Amino acid sequence: MLSSTIPNCVSYDPTYAYELAVIIHDGLRRMLEAQEDVFYYITLSNENYQHPAMPEGAQEGILKGMYLLSGAGNGKRPRVQLLGSGTILRESVAAAEMLASDWGVAADVWSVPSFTQLRRDGIEVERWNMLHPGKPERRSHVESCLAEHPGPVVAATDYMRAFADQIRPYVSRRYKVLGTDGFGRSDTRQRLRSFFEVDRHYVTLAALKALADEEQVPASRVDAAIRKYGIDPDKPNPVTV
């Protein structure tokens, strides 16, 4: 959030090695070759996990801040859009699998290496549209990505909800954000993600609740998910403890 206040700071929160390679290459090009007055801020994790090959055509989306990591294909099942950045993207990937296997819900998964770059793009598009009222309106990158992908949107990150909330004006549908608001704590990653309600179970629960609110699935499925995943509905709000 602090990096977003510095206009020439280009910040990213990549998940996979290929994302990092694309970002570093772009940084070297802009800072050294083009001599642009910018600097890059990149957050990395020391968590061990497998890194897949880069999806074809993902490079532009990585730099803009968002690209489709995996699509759920066509069909008449209820559908959601899952957004994630950094290591929490892997929880969104796992949630997509759980939604499909446990609840018959299709989920497209989007990697979002930079919510901040998406916000800046959205602001630029809003400004251009305001200053060019007689011309066809442009769309933000977020709007372009989601245009052909229906369903409510659920974003999860390792940061405060305000981080992913940056793009709310450009998500013209139900948008649920999960984040780690609250005091800092020390524990295992798994327990912390459960405590702050950003793990795969809570992503799945948030998706089902969004679908239930739109009457695409019965509300009873939300209760069933709470029971199935052992979620305590009366646990304290992590912001308050």
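**A guided tour of the helices and the sheet**

Select helix 1 (residues 17–33): its 17 residues should span 24 Å at 1.5 Å a residue, and its end C-alpha atoms are 23 Å apart, which agrees. The expected span of a helix is 1.5 Å times one less than its number of residues. Helices (H or I, at least four residues) and strands (E, at least two) are DSSP runs, numbered from the N terminus.

The model is predicted: local features need pLDDT of at least 70 and side-chain atom pairs count only at pLDDT 80 or more, while totals for chains, interfaces and linings use all residues. Residues are numbered from 1 along each chain as its sequence is written, and side-chain values use heavy atoms, with hydrogens and water left out.

Stay on helix 1 and display Tyr18, Glu19, Val22, Ile23, Asp26, Gly27 and Arg30, which are buried (under 20% relative accessible area; exposed is over 50%, partly exposed in between; 1.4 Å probe, protein chains only). An α-helix has 3.6 residues a turn, so residues three or four places apart point the same way. The cover over the buried residues of helix 1 includes strand 1 (9–12), strand 2 (39–42), helix 2 (59–64), strand 3 and strand 5. After helix 1 comes Gln35, with a positive phi near 55°.

Next, colour the sheet. In what order do the five strands of the open sheet stand? The order is 3-5-4-6-7, with mixed pairing; two strands pair if DSSP finds at least two bridges between them. Strand 3 (67–70) and strand 7 (175–178) are at the edges with a single partner strand each, so one side of each is left without a neighbour in the sheet.

Now select strand 5 (residues 106–111), which pairs with strand 4 (residues 79–84) in the parallel sense over six bridges. Leu82 has Val109 as its bridge partner in strand 5, and Gly84 has Ser111. Strand 3 and strand 5 run antiparallel and are joined by three bridges; here the partner of Ser70 is Val109.

Is strand 5 buried or exposed? Six of its six residues are buried, so strand 5 is largely enclosed by the rest of the structure. Ala106, Asp108 and Trp110 lie on one side, and Ala107, Val109 and Ser111 on the other.

Finally, select helix 3 (residues 89–103), whose 15 residues reach 20 Å from first C-alpha to last, close to the 21 Å expected. Its buried residues include Leu89, Met98 and Trp103. Just after helix 3, Gly104 has a positive phi of about 65°.

Definitions and conventions:
Contact means heavy atoms within 4.5 Å.
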